[in-house]
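Here is a friendly briefing to keep beside the viewer. Have a look at the model, then follow the points below.

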Amino acid sequence: MMQEEAQTHPQKQMQHRYDGVSKVTGTAKYAAEFTEPFAKKELLYGYVVQSTIPSGTVASIDRTAAEHSSGVIAVMTPFNAPKLPTASGPAAPPARRSVTVLQNADVYYNGQPIAVVVARSLGEAQHAASLLKIRYAEQPAKLEFRKHLDEARMPKSAGKESPTNHRGDIVAGMAKATVVVDETYITPIQNHNPMEPHATIAWWEGDKLNVYDATQYISGSKQTLARQFQIPLDNVRVQCPNTGGGFGSKGSLWSHATLAAMAAKVVGKPVKVVLGREQMFGPVGARPSTVNHIKLGATADGKLVGIEQDVVISSSVMEDFVEHSAGVARMLYDSPTLRISEKMVDQNIGVGTFQRAPGEAPGTAVLEIAMDELAEKLKMDPLQLRLVNYAEKDPSHDRPWTSKHLREAYTQAADRFGWAKRNPQPGMMREGNKLIGYGMGTATYPANRSAAQAVVRILPGGRAFVGSGTQDLGTGMYTMMAQTCADGLGLDPSMVEVKLGDSTLPKAPVSGGSQSTASVTPAVQDAAMQAKLKLGELAIAQQASPLHGLKSGELKAQGGKLVHASGKSDTFAAILERAGNQPVEAMGSAEPGQDRDAYTSQSFGAVFAEVAVDVDTHMVQVRRVVATYDIGTLLNDKTGINQLQGGIVWGVGFALTEETVIDPVYGRVVNENLADYHVPVNADIGTLDVSVLNIPDTKFNPLGARGIGEIGITGAAAAVANAIYNATGKRVRNYPITPDKLMRA
Ligand code: MOS
């Protein structure tokens, strides 16, 4: 057997979410809900005032009426706010999001924070905000991205990926093509819309800063705040026991959190800032729009001979965020030649940021329509075209995968879906006034992993505690920690208490890049093993223990006991009682292996969709999605499949409804609410049939488990788009595929 096929012993799965009861009964606390440790009447409310122009400066703010308004404690503006030490000093980092924390009067987008009113109640703060007399000096704004594509420039900094990537001789490659697809595909700006809005409660104890922060990254919040206020790292404590969704928008610390801490310092009391839903369209990031010119060349047998993708990305004038939508083209198919480019166009809009599968979500959405178009031109089955161009190794790095079983995923999902019944001729499947279509797309997302630490304690009485400074975004981290600790200690998961979301716990990475489970569970596994060994050492040294004199390494933990092959055993509780009822504590850590640059670790999936398109209204209904993923070991069916389903639902929203619309005159987001920014609701989603291959990737980590937070969204939008084409013969290359676009097509 190959090493990657070696079966890791399967964990006993926790059947219910660790935090399920607290979530459904409303006792799970989110950042904005804390009322301690300060006296409740001490807590003040900060309301963020936003600019109403897209570009220019704040000329003046008359605070008089606001300051005299009922309940108002303070009004912070660019003209009276405390200067942050980092914002002006010579060692200041390059001006980033901190420019929007009242350090100057510049306005870069409509909706930018320009003042904070602090009052005894939210209502009083909001009312006082309406009394501010704000004057602006306006400048012309750049607001129409797609009218300025010819101004595209290279990214100021491309991040980890090179903005251009060439493989082979693209001109020679394309010259061999007998069939070419050459089209432009567009994805819009999209906003994250987690259920829980961004929120921070901040209070100071001397020069120590405490925050409850709605975040995906408690140690990131800690580092940023320490840097902004120039205080020692350990003077900042960040707590976040529950995060109500983040999807990337809570991966960075935004202006409201800094403003809450500034306000708390100014008034000397705890200050709570919660963003309203409408305030989340601008100040906390969005997925940029991408315009993708794609050219695919193939020989008559379907073999790709060249891929070109030139991307133009909408950027904020404040800061570049490169949405790498050309990244997928580099690695998904085996083409001998490749040329990609990614450029930016400056706009007076809020900054771009990570959104579920940044790069891969739009990247698969556009490339997988182009592949569908290529298949049609070749008169080849779209699935067959993928198989002909299957990448046996990672073409972007020319190195092997740690594990790849996409072929099996294609086959399984196609069988369950009934792909063989698809009529390749569009418009041939009809039920009454509905046209039925089948479409497919490939899903992919890299497997990431970072160093993480955890602590495990075996407690008097035989229960256990596991802690790690990670986060649970609703993704299942509590459950995974309980399950992994229980597995390591041979306990039922109900015997394990979990703590996360506190920066005083051992450090864990950002819950982004689909890496938390893959990073944190190996650390928990290690900590549990160390704790078990320590408990064994204790027992073998105890005269009264049946295990006395045996070897700790020979003891197995099961059912609340340490057990030896000879049949001798002792309970955790008895061992600890003899030792004076002190907990046994062990730290664990895990980090990516030395040989990580020798391989690429990547997840894949096959997504098939069936749509029904109303011939009169052009409304699209997604009747069913069948998908199979190759994500390594599935550690928990409930939380894992749920993640994949959630990603697919978002893929349907990507395909059909989601778009952030910016007013071309004022620059305000027009649809800054959930009534106008359409995400799918339950009635929009038909049957979801999701499965995983469950083949461990033990070259990636000891549990064989790659992350699954993001791959679900990838490939899904294209599967829907391609199904719409199969139903109607109308190719819409501009997401979302709304009824008006279908009507005109
Ligand atoms: Mo994810 S967009 O990396 O939080």
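Helices (H or I, at least four residues) and strands (E, at least two) are DSSP runs, numbered from the N terminus. This is a predicted model, in which local features need pLDDT of at least 70 and side-chain atom pairs count only at pLDDT 80 or more, while totals for chains, interfaces and linings use all residues. Residues are numbered from 1 along each chain as its sequence is written, and side-chain values use heavy atoms, with hydrogens and water left out.

**Backbone features in loops**
- Gln 230 sits in the loop between α6 (218-229) and β11 (236-239), and its phi is near 50 degrees, a positive value in a residue other than glycine.
- With a relative accessible area of 51%, Gln 230 is exposed (exposed is over 50%, buried under 20% and partly exposed in between, with a 1.4 Å probe and protein chains only).
- Asn 193, in the loop between β8 (179-187) and β9 (199-205), also has a positive phi, near 55 degrees, but Asn 193 is buried at 13%.
- A cis peptide bond runs from Glu 36 to Pro 37, with omega near 15 degrees; Pro 37 belongs to the loop between α1 (20-24) and β1 (44-50).
- Tyr 735 and Pro 736 are joined by a cis peptide bond with omega about -5 degrees, and Pro 736 lies in the loop between α16 (716-728) and α17 (739-744).

**A buried threonine**
- Thr 600 is in the loop between β24 (584-590) and β25 (602-614) and counts as buried, at 7% relative accessibility.
- Leaving aside residues up to four places away in sequence, Thr 600 touches Asp 394, His 397, Arg 399, Pro 400, Trp 401 and Thr 402 (contact means heavy atoms within 4.5 Å).

**Helix α15**
- The 20 residues of α15 (residues 637-656) should span 28 Å at 1.5 Å a residue, and the end C-alpha atoms are 28 Å apart, which agrees (the expected span is 1.5 Å times one less than the number of residues).
- Because 14 of its 20 residues are buried, α15 is largely enclosed by the rest of the structure.

**Empty space inside**
- Rolling a probe the size of a water molecule over the atoms shows where empty space is left.
- A cavity is a set of points on a 1 Å grid over the protein atoms alone where a 1.4 Å probe fits but cannot get out, and lining residues have an atom within 4 Å of a point.
- The largest cavity is lined by 22 residues, with Ile 189, Ala 286, Ile 349, Gly 350 and Ile 662 nearest its centre.

How values were computed: 1 Å grid on protein atoms, 1.4 Å probe; cavity = no way out; pocket = protein on both sides within 12 Å on 5 of 7 lines; lining within 4 Å.
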